[in-house]
Amino acid sequence: MKHTNWYKDAVIYQIYPRSFKDSNGDGFGDIPGIISKLDYLKELGVNCVWLSPVYNSPQADNGYDISDYCSIYPPFGTMDDFDLMLKEMHKRGIRLIMDLVVNHTSSEHPWFIESRKSKDNPYRDFYIWKKGKGKNPPNNWTSFFGGKAWEYDELTDEWYLRIFTKEQPDLNWENPKVREEVKKILKFWLDKGVDGFRCDVINLLSKDQSFKSGHELLVKGSSSFVNGPRIHEFLNNLNLSVLDNYDCMTVGETCFTTLEDARMYAGKDRHELNMIFNFDHTSVDNYLGVKWLMRKFKLVNLKKAFDKWQYGNKEGWNSLFIENHDQRRSVGRFNTSSTTYRKESSKMLATMCYLQKGTPFIYQGQEIGMTNGDFASLDEIQDTETHTINETMKKMHLPKSYIKKSLYNGTRDNARTPMQWDDSKYAGFSTKIPWLKVNENKSFINVKESLIDENSILNYFKKLIEFRKNEPLIKDGVYLDLDPKNKNVYIYSRKKDNEEIVCISNFSDRTIKYKLKKNQNYKDYQIKLSNYQNNEIDSSFITLKPYEVVVLKNK
């Protein structure tokens with residue numbers, strides 16, 4: 001099979017199906033709703049969609065707990081709906097990548113239902129079962145969501161591993177039968193015409209079989225199940241057995257990864273994944289990569305994170321994102337504005353990120369500057385992670401005010417509020433009360449208003465995407481941070497042969513007269529893109545308005 005590496009030219013839009021568009025008035029987004037908005041996506045300029053899970057699921061973790069990998073969750077629609085959606089996407093030149101969630105299943109998956117029946121059940125070894133130590137779990141491993149990573153089952157007097165919620169038991173990848181079942185799942189969707197997979201927590205599949213207790217500060221035992229001993233063997237086998245037979249792409253969600261890890265997962269000669277998500281830049285406003293432990297943002301730290309991957313990941317290919325379904329909204333984050341300069345700072349952030357080397361990922365609503373949820377109480381938050389972390393923090397006797405601020409800031413529901421299509425009662429998302437509260441600011445932050453406003457974030461995104469597609473050096477050009485220590489301005493260049501693009505971003509809410517270095521003379525460069533008008537550039541300085549971004553190119 002010839003591999004075209006089409007993902008290097010892709011602009012990928014992530015759809016969180018239950019929050020995108022409700023077509024039948026039940027308060028939940030669905031596949032027919034997605035179909036109704038495909039022209040919107042095409043006009044935006046995206047040419048690939050990453051679809052968060054639509055498989056059948058009890059929805060303990062919003063679809064990341066799968067009970068049947070080869071059927072559709074009924075409220076989302078039918079398999080016929082899915083087939084029509086895929087056909088209509090391809091008709092518009094839009095590819096589709098699915099969410100592959102194979103570290104764990106739902107506790108209601110038939111495999112697990114069988115597995116827990118008895119110790120000698122044929123499916124027992126599909127999951128990880130261990131005897132406890134007296135009344136305690138087999139070891140001290142903890143969940144990513146807080147609390148222990150083991151769940152006791154009275155029927156067989158043993159514990160099963162679940163690195164996330166108790167409804168998400170971890171699969172036993174040491175069992176070759178599990179690996180063969182996953183290959184069947186891959187083939188099922190690829191044979192339908194799906195173009196690839198975003199691979200959920202893919203670097204957690206392999207567990208150190210000694211199951212020793214860990215001494216880590218936060219997620220105890222993580223050194224035994226993050227980048228485990230057989231992970232590359234497992235991924236290489238999946239690739240060579242299935243993925244390599246299709247012109248598809250894979251991007252891995254990989255936590256706690258280094259540049260060397262990235263080379264191992266996505267190096268050209270590795271035959272594992274095409275690229276990975278790294279989360280260094282999402283950790284610059286928290287401690288130890290834990291979003292609940294907030295710290296003051298510093299631009300130099302953000303630049304260090306981007307520089308690390310732009311300079312260091314030379315053999316691989318980067319993923320470029322600032323929002324997804326697990327991250328809070330970028331509006332008001334990274335020292336940007338959620339009020340006066342919401343539009344300007346949203347445009348600036350997107351430009352800064354998406355003109356770097358890699359594939360852009362846009363999360364639904366980001367293109368209109370949607371904000372975090374305006375939840376009045378924890379009762380309005382449905383995210384299972386938030387409520388689990390709340391209990392963990394209370395056991396740690398942290399101040400109530402800190403817990404409240406941390407939870408409202410970090411909850412994944414910030415990114416999951418219904419898409420704001422217009423200013424009607426339920427934002428054009430549904431005709432019924434949605435599953436999650438609609439943001440009040442839908443009255444002025446919505447697609448309908450954005451289409452009319454020439455200076456909207458949405459219309460700027462269209463220009464940004466078009467600019468990126470028309471400039472080959474954005475794909476292949478060398479990246480260089482031109483002033484890494486500056487505390488307010490992020491200026492980098494992309495250069496190939498005699499062509500150069502320079503992206504200059506002001507990360508402050510005040511006008512800055514930025515002095516250009518002696519070897520930087522942009523007087524004869526053309527302004528190709530900006531979120532303001534009437535920029536001032538001479539041979540020695542450029543005046544940058546609050547959150548202004550200017551993209552220059554030599555003639």
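Okay, let's start in a loop: Ala-427 is found between α12 (400-410) and α13 (447-452). Helices here are DSSP runs of H or I with at least four residues, strands are E runs of at least two, and both are numbered from the N terminus. Ala-427 is not a glycine, yet its phi is positive, about 60°. Is Ala-427 buried or exposed? At 0% relative accessibility, Ala-427 counts as buried. Buried means under 20% relative accessible area, exposed means over 50%, and partly exposed is in between, with a 1.4 Å probe and protein chains only.

Before I go on, the ground rules. This is a predicted model, where local features need pLDDT of at least 70 and side-chain atom pairs count only at pLDDT 80 or more, while totals for chains, interfaces and linings use all residues. Residues are numbered from 1 along each chain as its sequence is written, and side-chain values use heavy atoms, with hydrogens and water left out.

Asn-62 is another non-glycine with a positive phi, about 50°. You'll find Asn-62 in the loop between β3 (55-56) and β4 (68-72). Asn-62 has 15% relative accessibility, so it counts as buried.

Now the nonpolar cores. By that I mean sets of buried Ala, Val, Leu, Ile, Met, Phe, Trp, Tyr and Cys residues joined through side-chain atoms within 4.5 Å. How many residues does the largest one have? It has 107 residues, and those with the most contacts inside it are Tyr-13, Leu-41, Leu-51, Phe-82, Leu-96, Met-98 and Trp-189. Helix α14 gives the largest share of this core, 7 residues. Apart from that core lies another, of 17 residues, including Trp-141, Phe-144, Ala-149 and Phe-164.

Let me zoom in on Leu-51. Setting aside residues up to four places away in sequence, Leu-51 touches Ile-15, Pro-17, Ile-34, Phe-82, Met-85, Leu-96, Ile-97, Met-98 and Asp-99. Contact, by the way, means heavy atoms within 4.5 Å.

On to helix packing. Axes are lines fitted to C-alpha atoms, for helices over the stretch in contact, and angles run from 0 to 180 degrees between N-to-C directions. Angles under 35 degrees count as roughly parallel, over 145 as roughly antiparallel, 65 to 115 as roughly perpendicular, and the rest as oblique.

Take α3 (residues 79-91) and α5 (residues 176-192): their axes come within 11 Å and cross at roughly 55°. That makes α3 oblique to α5. On the α3 side we have Met-79, Phe-82, Asp-83 and Leu-86, and they meet Phe-188, Trp-189 and Lys-192 of α5. By class, that contact has 5 nonpolar, no polar and 2 charged residues. For the classes, Ala, Val, Leu, Ile, Met, Phe, Trp, Tyr, Cys and Pro count as nonpolar, Asp, Glu, Lys and Arg as charged, and the others, Gly among them, as polar.

Helix α5 also has α7 (residues 231-241) as a partner, with axes that come within 11 Å and cross at roughly 40°. So α5 and α7 are oblique to each other. Here Arg-179, Val-182, Lys-183 and Leu-186 in α5 meet Phe-234, Asn-237, Leu-238 and Ser-241 in α7. The class count for α5 with α7 is 4 nonpolar, 2 polar and 2 charged residues.

Then there's α10 (residues 342-354) with α14 (residues 457-470), packed at an angle of about 20° with axes 10 Å apart. These two are therefore roughly parallel to each other. From α10 the contact uses Arg-342, Lys-343, Ser-346, Lys-347, Ala-350, Thr-351 and Tyr-354, and from α14 it uses Ile-457, Tyr-460, Phe-461, Leu-464 and Arg-468. Sorted by class, α10 with α14 gives 6 nonpolar, 2 polar and 4 charged residues.

Last, two single residues. Ser-493 sits in strand β17 (residues 489-496), and Ser-493 is buried at 3% relative accessible area. Leaving aside neighbours within four places in sequence, Ser-493 is in contact with Val-478, Tyr-479, Leu-480, Leu-482, Glu-500, Ile-501 and Val-502.

And Thr-392, in helix α11 (residues 384-395), is partly exposed, with a relative accessible area of 24%. Not counting residues up to four places away in sequence, Thr-392 touches Phe-145, Gly-146 and Gly-147.
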